[in-house]
2 protein chains.
Amino acid sequence: MNKNRQFKLARRPQGMVQRADFEFVETPVPEPGEGQFLVKNEYLSLDPAMRGWMNEGKSYVPPVGLGEVMRAGAVGRIVASKHPQFAVGQHVVGLFGVQDYAISNGKGVTPVDPELAPLPVYLGTLGMPGMTAYFGLLEVGQPKPGETVVVSGAAGAVGQVVGQIAKIKGCRAVGIAGGADKCRYVVDALGFDACIDYKAEDVKKALKTHCPQGVDVYFDNVGGDILDAVLTQLAMHARIVICGAISQYNNTAPVKGPSNYLSLLVHRASMKGMVVFDWADRYGEAAREMAGWLASGRLKTREDIAEGLETFPETLLKLFKGENIGKLVLKL
Amino acid sequence: MNKNRQFKLARRPQGMVQRADFEFVETPVPEPGEGQFLVKNEYLSLDPAMRGWMNEGKSYVPPVGLGEVMRAGAVGRIVASKHPQFAVGQHVVGLFGVQDYAISNGKGVTPVDPELAPLPVYLGTLGMPGMTAYFGLLEVGQPKPGETVVVSGAAGAVGQVVGQIAKIKGCRAVGIAGGADKCRYVVDALGFDACIDYKAEDVKKALKTHCPQGVDVYFDNVGGDILDAVLTQLAMHARIVICGAISQYNNTAPVKGPSNYLSLLVHRASMKGMVVFDWADRYGEAAREMAGWLASGRLKTREDIAEGLETFPETLLKLFKGENIGKLVLKL
């Protein structure tokens, strides 16, 4: 392959992302300059946050510019290098974008070891989603043994890790996910105490059943009606970790604010936003601890692997339709 | 006067409170039994929280039962006593209800000194609203010198104290209030750095002007659109204290949740609910410090005094119409 296929952002999406929001181009494979290297991407990370990066306006990172290659995490192999610290043959993870090849100066790039874990795991449990789960739950949620931790998007890349860490820390873990398959995975394969199928159950009632002492920590990946349902079932001094709101990202109407937020007052509870980058200096520590749990079988992980760069727009949509179980990656 | 006039809750209000939600009765003045005393109320406290107490259902305190005397804080004088710790002639503050006379066993009752401060102040700055401001701002908001503190309902019983304590602690204080009179009071009499008239100004734009570094602490008494506007102007690591939501208490539609709550994520900010009762064991400490500030003139306080028990329903409405400046009390 001597072409570099790329998806560039062609326009700001209105509502649900469409193929026409991107421009698909083939360009020559670039050559690294001094202090640079060339990565051949092997797996792309598909994340809910990508939808936010496509919008105009201030957020926790600048938006992707129109005409720019769509931003994405990826793991790949270095195929050419004029960089003293990065050698050909090395596997690395970084924001290499939705393309076959990327040039990098090494900033924000981490070497990974394919012997230690399969490459897609470095985009999931040992990557940003795993870090998000680890620091969001432990540092923001502050769960104590015996408490009840509820996580939405429980079968997703972040949610699957949140519930398992909660169990490791001696908490009761209750997932919320869409569909019987996901709920079975969460309970049977991952060992959550329960999982509520929001497509088939009344979430508020089911929370009453599965969290008889109320919800101590709620890790929210979805927002919308599910956040509102959990707000009705808080325990005193509950902590809500606002990690994302996938139910709202493709809205054309304004975001649905949580009508039941005054429950925070009644329960002296808090709602706190998080962005994983704030713990960047501690990723290594977390990765070592999680790699240990993975090795000992206390932490399980699953990746949902789609194939072919050319399917990128449709594969990304699987996230917003809730079709993936585990971390969604695209194999190139 | 040998009758006890009482307002009893006759029905649960739908939307705005009406006189017909209460039953006005005259009953004989009761006599205290062993371990009880009789208080003649002199001032009633009218508080936004009273609207919540009239609703059915779980909150931070049980609702007022239908047929029960409407709950209200009051300051009064003991006119008969068979209680060893309370003597005739003493002034006391407690939840004595919307009536001329109340029987008490002393639980939750605090003696007050009319020489030290005028009686209505014990329902305001030295009472629950003052305690709410003190602990909500200092313990929940955790303002640091040089930070910007914004408070809504700035000319109200709680808000007037919040902004002044913020100034005492070396912060920039910006109020939000409805109308030029209130804003003038807040800036000219109380020394806030600025006050935004939400009835005449675009709150979001005005916040940009008056809080160029963003809002570090937002003390929210009102909820609704103003909460949403402040969410767009947060500084990193901002703290929002959820004290109340007076704009939503008389809604017949569901409470308006804050659409912009994902700003918590972008700014790693938190939103925390508070109920002042949690600091009951420290009221004495706070009252001593605030009495000192009052005495030295660093803290000013104003009460809006209406007259006549019989006007209770209409006087209460002044709160929800935003007609009071300072702590609203009803003189009997």
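In this predicted model, B:Asp193 touches B:Arg172, B:Ala173 and B:Val174, leaving aside residues up to four places away in sequence. B:Asp193 itself sits in the loop that runs between helix H4 (180-189) and strand S10 (194-197) of chain B. B:Asp193 counts as partly exposed because 18 other C-beta atoms lie within 10 Å, while 20 or more would be needed for a buried residue.

H6(B) is mostly covered, with six of its eight residues buried. These are B:Ile226, B:Leu227, B:Asp228, B:Ala229, B:Val230 and B:Leu231. Their packing partners in chain B are the strands S8 (148-152), S9 (172-177), S11 (215-220) and S12 (234-242), together with the helices H5 (203-210) and H7 (263-266).

Attention now turns to a pair of helices. In chain B, the axes of H2 (residues 128-141) and H3 (residues 159-168) come within 8 Å and cross at roughly 45°. H2(B) is therefore oblique to H3(B), and the crossing is right-handed. On the H2(B) side, the contact is made by B:Pro129, B:Gly130, B:Ala133, B:Tyr134, B:Leu137 and B:Leu138, which meet B:Val161, B:Val162, B:Ile165 and B:Ala166 of H3(B). Sorted by class, this contact has nine nonpolar residues, one polar residue and no charged residues.

Conventions
Residues are numbered from 1 along each chain as its sequence is written. Chains are lettered from A and ligands numbered from 1 in the order in which they are written. This is a predicted model: local features need pLDDT of at least 70, side-chain atom pairs count only at pLDDT 80 or more; totals for chains, interfaces and linings use all residues. Axes are lines fitted to C-alpha atoms, for helices over the stretch in contact, and angles run from 0 to 180 degrees between N-to-C directions. Helices (H or I, at least four residues) and strands (E, at least two) are DSSP runs, numbered from the N terminus. Angles under 35 degrees count as roughly parallel, over 145 as roughly antiparallel, 65 to 115 as roughly perpendicular and the rest as oblique. A crossing is left-handed if the near helix is turned anticlockwise from the far one by less than a right angle, and right-handed if clockwise. Two residues are in contact if their C-beta atoms, placed from the backbone, lie within 7 Å. Ala, Val, Leu, Ile, Met, Phe, Trp, Tyr, Cys and Pro count as nonpolar, Asp, Glu, Lys and Arg as charged, and the others, Gly among them, as polar. A residue is buried if 20 or more other C-beta atoms lie within 10 Å of its own, exposed if 12 or fewer, and partly exposed in between; C-beta atoms are placed from the backbone.
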